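Work through these exercises with the model open beside you. Try each task before you read its solution.

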Amino acid sequence: MNVLKLTLEVWRQDGPDAAGGFETYAVEIPDDASFLEMLDKVNEELFRAGKEPITFDHDCREGICGTCGVMIDGQAHGPQKGTATCQLHMRQFRSGQTIKIEPWRAAGFPVVKDLMVNRAAFDRIVESGGYITVTTGAAPDANEIPVPKDASDSAMDAAACIGCGACVAACPNSAANLFTAAKMQHLNLLPQGQAERWSRSEAMVEKMEEFFGSCTNHGECQEACPKEISIDFIAMMNRDYAKAKLVNRRRLGERKVG
Amino acid sequence: MTQAIERPGADAPVVNRPQKANRPWIVEFASSAVGKKWIMALSGLGLIGFVIAHAFGNLKMYFGPEDFDHYAESLRTLFYPIIPRTWTLWGMRIGLVVLFVAHIGSAISLTRMNQHARPTKYASPRSYIAANFASRTMRWTGIIVALYLVFHLADLTWGFANPDFVRGDAYDNLVASFERVPVAIIYIVSNIALGIHLFHGAWSMFQSMGINSPRYNGARRAIAAGVAGAITIVNVSFPLAVLFGIVG
């Protein structure tokens, strides 16, 4: 076991309207600790010293809930690809390093406190997508509705989105196109999502644009995404949005999937 | 999923004005950011078409003064006598102005939206992974190309930036212009900026219009690099050819 001696520069902000700034902390941590365990240790020391601990979001700590997420040295969720902050381990860093930790920065994600941001904008986007038409009652038989394998796989890739906000954080424009595209396309790709496809595409894009910037196709979001969701879904969303404006919705039933 | 915050006033802040209800579909489309990216892609495609045709046409200078001046005159008589002299040329000019206004107008509006979207910048330097030099300098290469365009028109169309300008003598005007080393440098630098702009633009266009399939996604980058590279090499060759005495 290797013990790392690190200097942390952490963004501290008392509340949404307070002015924030960086505080410096020294920490010694075994390299098999996770990044959040490292923050836990700093907080325990702060607590023992009678100081206010650092506020940060976290929940499952196994990379599936999307609650955690901070900007580590200018990279959303840190230097390791395909993982959330909780799955990032200190072995990715070397002793003596200074690590700068900031909250996600976006007008749509105001800071609540320290490293915690308010991601309610994501909930508003998902709500605007409405619902899908599924029969209720007894569970339908398996394979009652045929779903092409390619479409099913692609929908599952999009549905992997955990809504952490790293795409917005990593985007130079604070655009939420990857999040919105993932949430939209996992329904748009499936037969169960066809009935509301065009109204959903319009509503979600226009709701998204109330909070976030626009996509300039840098591709930073897919690099930051802990679920490695592809910007191919953004292209699908762009196409569905244009189609939603043009398509004759009375012919919806004729459309093929995929 | 995202956390639930129940405090009053803690809901999502409205950053951009919401779309007004019940407007014609085309207005809604043009006022959305995704729609503006479509406008940028379509106008960009038109402008790439112009740049390719312009570069290809100018290759006639390697055939000598007669061919080049004949080509320049033929632009005025395009589709003549079906369409009166210079009408087609003026139609294309008006079309280009419309494309430029659409392209630059959308770019300004999207840039302002993006600046609003991140009021507090990151303190640590960003270590970009996917964003390349071309994609991050689109705004600046775009401005360079726009300024260059005005100079280029003043130099070889209107003629007041070129003391030896004689209206209608396309070949002599071009040689007189490129023989001035500072002017040749302006042309070379601006055309390299145009190439960098196209390297991202020609790829980004596919993405903005949702032209995306595993079957040909690999080709999109190659097409963009090929178009940008070919246009840059051809355009940069003209001032170099004059400076080195190959043309003139």
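**Exercise 1. A helix pair**

Which residues in H2(B) meet which residues in H8(B)? Find them, then describe how the two helices are arranged.

*Solution.* Keep in mind that this is a predicted model.

Step 1. Start with H2(B). Its residues in this contact are B:Lys37, B:Trp38, B:Met40, B:Ala41, B:Gly44, B:Leu45 and B:Ile48.

Step 2. Turn to H8(B). Here the partners are B:Leu198, B:Gly201, B:Ala202, B:Met205 and B:Ser208.

Step 3. Sort the contact residues by class. There are 8 nonpolar, 3 polar and 1 charged.

Step 4. Look at the geometry. The axes of H2(B) and H8(B) are 9 Å apart, and the packing angle is about 130°.

Step 5. Name the arrangement. Angles over 145 degrees count as roughly antiparallel, and 65 to 115 as roughly perpendicular. H2(B) and H8(B) are therefore oblique to each other.

Step 6. The crossing of H2(B) past H8(B) is left-handed.

**Exercise 2. Where chain B touches chain A**

How many residues of chain B are in contact with chain A? Describe the chain B side.

*Solution.* 

Step 1. Count both sides. Chain B has 48 residues in contact with 51 residues of chain A.

Step 2. List the elements of chain B that give two or more residues to its side. They are helix H1 (25-31), helix H2 (33-58), helix H4 (87-117) and helix H8 (181-208).

Step 3. Pick out the top contributor. H4(B) gives the most, with 5 residues.

Step 4. Sort by class. The side of chain B that touches chain A has 26 nonpolar, 16 polar and 6 charged residues.

**Exercise 3. The fold and extent of chain B**

How many helices and strands does chain B have? Then set its radius of gyration against that of a compact globule.

*Solution.* 

Step 1. Count the elements. Chain B has 9 helices and 0 strands.

Step 2. Read them in order. From the N terminus, the elements run α-α-α-α-α-α-α-α-α.

Step 3. A compact globule of 248 residues would have a radius of gyration near 18 Å, but chain B has 22 Å.

Step 4. Check the box. Along the principal axes, the C-alpha atoms of chain B fill roughly 75 × 45 × 40 Å.

**Exercise 4. The domains of chain A**

Into which domains is chain A divided? Describe their contact.

*Solution.* 

Step 1. Chain A has domain 1 (3-113) and domain 2 (119-254).

Step 2. The C-alpha centres of the domains lie 30 Å apart.

Step 3. Count the contact. It takes 18 residues from domain 1 of chain A and 18 residues from domain 2 of chain A.

Step 4. Sort the domain 1 side. It has 9 nonpolar, 7 polar and 2 charged residues.

Technical notes: Residues are numbered from 1 along each chain as its sequence is written. Chains are lettered from A and ligands numbered from 1 in the order in which they are written. This is a predicted model: local features need pLDDT of at least 70, side-chain atom pairs count only at pLDDT 80 or more; totals for chains, interfaces and linings use all residues. Two residues are in contact if their C-beta atoms, placed from the backbone, lie within 7 Å. Helices (H or I, at least four residues) and strands (E, at least two) are DSSP runs, numbered from the N terminus. Ala, Val, Leu, Ile, Met, Phe, Trp, Tyr, Cys and Pro count as nonpolar, Asp, Glu, Lys and Arg as charged, and the others, Gly among them, as polar. Axes are lines fitted to C-alpha atoms, for helices over the stretch in contact, and angles run from 0 to 180 degrees between N-to-C directions. Angles under 35 degrees count as roughly parallel, over 145 as roughly antiparallel, 65 to 115 as roughly perpendicular and the rest as oblique. A crossing is left-handed if the near helix is turned anticlockwise from the far one by less than a right angle, and right-handed if clockwise. Domain bounds come from an automatic or database domain assignment. The radius of gyration is taken over C-alpha atoms; the globule rule is 2.2 Å times the number of residues to the power 0.38.
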